[in-house]
Amino acid sequence: MTQRLALQVFEQYQKARTHFVQTIAELATRPQNIETLQNAELSQAVVDAGAVPLLVLCIQEPEVPLKRIAASALSDIAKQSPELAQTVVDAGSIAHLAQMILNPDAKLKRQVFSALGQISKHSVDLAEMVVEAEIFPSVLTCLKDPDEYVKKNVATLIREIAKHTPELSQLIVNTGGVAAVIDYIGNSKSNVRLPGIMMLGYVAAHSENLAMAVIVSKGVTQLAICLSEEPEDHIKAASAWALGQIGRHTPEHARAVAVANVLPKLLSLYMQTGSSEDLQIKAKKALKNILQKCTYLPALDPLLHDAPPNVLKHVVGQYSKVLPHDTKARRLFVTSGGLKKIQEIKAEPGSVLQEYINGINNCYPEEIVRYYSPGYSDALLERVENYQPAL
């Protein structure tokens, strides 16, 4: 009798526990609660009711469906605000979530990585606490998971950590994280790629050395492929932004981006009337970032002939910096038609563009500049016609 009673109590506990977690999860996902979720009131109510420690207990239970629901609920709570994420962390969730990153169940891993990402996104301190659970390098193997949602949530987690500080980005680089994310981008398509693309941009933005780590791992090549291949503007925009973050540091960084033939593509996306406003803005900004450091003139040649005045200013500016100090480049600039093109540009007197043009023209003898100026050949022909040979 006592044994049967004990079993009944245990069964009631199991049912009540499952019902509790399912109710929390349903509350968090019902359409009528979306607005409430956005202002975090529902999540706060769940926290105030003392549910978070119970949810953390549930992710430690052996039943996988129960773990999934509990992890999902923790993720929904953590995403709302730094304060709610801190509550989830204070209940001891990170260690238990971290233990499940290599669990064979894909649906559970989706929720685990989502929860860790939602915790990490809010602040440096929270991201560091996730990192201190020693999720690297194990987490990187999940970038090759067959489940696309697992892969995307892992990449999102890495992005949320990398964005905060150079130190956190360096830790990811040291564990092979940049190379792993670049492989992941290469093996993914469309929106699954997006968090990886953004992660590379965040890493590169922090410092010259971190941007060089992205270059060395062939990140520029992969981002250039995304810029050309992806049909959706928001993914092209993210790729353009990331390339701009890599190329903006030094002439060496700019050259690494320029030799991937990225500049004409960025110009094309900026000028296309069908491009979204966000894509046009990001393509223009990336062009400006890269051009202001680019001293590799062969990459600038196509832009000299195609760029509109607001971009052309930056292109001509780079020529005016390099040509005075490079004899070979000056000769090539003439034979490639660059000097002729410069004479054809109609710049406002006294403008920055006109100053750059004057700087380039000062690198050449006056008669050479005159020879390539518009109308000079007509003037020569007129002189021929008017010339009276001495007989």
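Mentor: Helix 14 and helix 17 pack with their axes 8 Å apart, at an angle of about 20°. At that angle, helix 14 counts as roughly parallel to helix 17. The crossing of the two is left-handed. Keep in mind that this is a predicted model.

Now the residues. From helix 14 the contact takes Ser190, Asn191, Leu194, Ile197, Met198, Gly201, Tyr202, Ala204 and Ala205. Helix 17 answers with His234, Ile235, Ala238, Ser239, Trp241, Ala242, Gln245 and Ile246. By type, the contact residues of this pair are eleven nonpolar and six polar, with no charged residue. The spacing has a simple background. An α-helix has 3.6 residues a turn, so residues three or four places apart point the same way.

Next, the rings. A search of the whole structure gives three aromatic pairs. One of them is Tyr202 with Trp241, an edge-to-face pair with 5.3 Å between centres and 75° between planes. The pair joins distant parts of the chain: Tyr202 sits in helix 14 (residues 190–206), Trp241 in helix 17 (residues 233–247), and they are 39 residues apart. Tyr202 is partly exposed, at 26% relative accessibility. Trp241 is also partly exposed, at 22%. Another pair is Tyr371 with Tyr372. Their ring centres are 5.0 Å apart and their planes stand at 90°, so this pair is edge-to-face. Tyr371 is partly exposed, at 48% relative accessibility. Tyr372 is partly exposed too, at 23%.

Helix 15 (residues 208–216) belongs in this picture. Its buried residues are Leu210, Ala211, Ala213, Val214 and Ile215. They pack against both helix 14 and helix 17. Their other partners are helix 12 (166–174), helix 13 (177–186), helix 16 (219–229) and helix 18 (251–258).

Just after helix 15 comes Lys218, with a positive phi of about 70°. Lys218 is in the loop between helix 15 and helix 16. Lys218 is exposed, with 56% relative accessible area.

Glu134 also has a positive phi, of about 60°, and is not a glycine. Its place is the loop between helix 9 and helix 10. Glu134 is exposed, at 65% relative accessibility. Pro137 lies in the loop between helix 9 (124–131) and helix 10 (138–141). The peptide bond from Phe136 to Pro137 is cis, with omega near 0°.

Leaving out residues up to four places away in sequence, Ala78 touches Ala85, Val88, Gln118, Ile119 and His122. Its C-alpha atom is 9.5 Å from that of Lys121, 43 residues away along the chain.

Finally, the whole protein. The secondary structure comes to 27 helices and zero strands. Of its 391 residues, 48% count as buried. Among contacts between residues at least 6 apart in sequence, 69% join residues at least 24 apart. The Tyr202 and Trp241 pair, 39 residues apart, is one link between distant parts of the chain.

Conventions:
Residues are numbered from 1 along each chain as its sequence is written. This is a predicted model: local features need pLDDT of at least 70, side-chain atom pairs count only at pLDDT 80 or more; totals for chains, interfaces and linings use all residues. Side-chain values use heavy atoms; hydrogens and water are left out. Rings of Phe, Tyr and Trp (its six-membered ring) pair if their centres lie within 6.5 Å; planes under 30 degrees apart count as stacked, over 60 as edge-to-face and the rest as tilted. Helices (H or I, at least four residues) and strands (E, at least two) are DSSP runs, numbered from the N terminus. Buried means under 20% relative accessible area, exposed over 50%, partly exposed in between (1.4 Å probe, protein chains only). Axes are lines fitted to C-alpha atoms, for helices over the stretch in contact, and angles run from 0 to 180 degrees between N-to-C directions. Angles under 35 degrees count as roughly parallel, over 145 as roughly antiparallel, 65 to 115 as roughly perpendicular and the rest as oblique. A crossing is left-handed if the near helix is turned anticlockwise from the far one by less than a right angle, and right-handed if clockwise. Contact means heavy atoms within 4.5 Å. Ala, Val, Leu, Ile, Met, Phe, Trp, Tyr, Cys and Pro count as nonpolar, Asp, Glu, Lys and Arg as charged, and the others, Gly among them, as polar.
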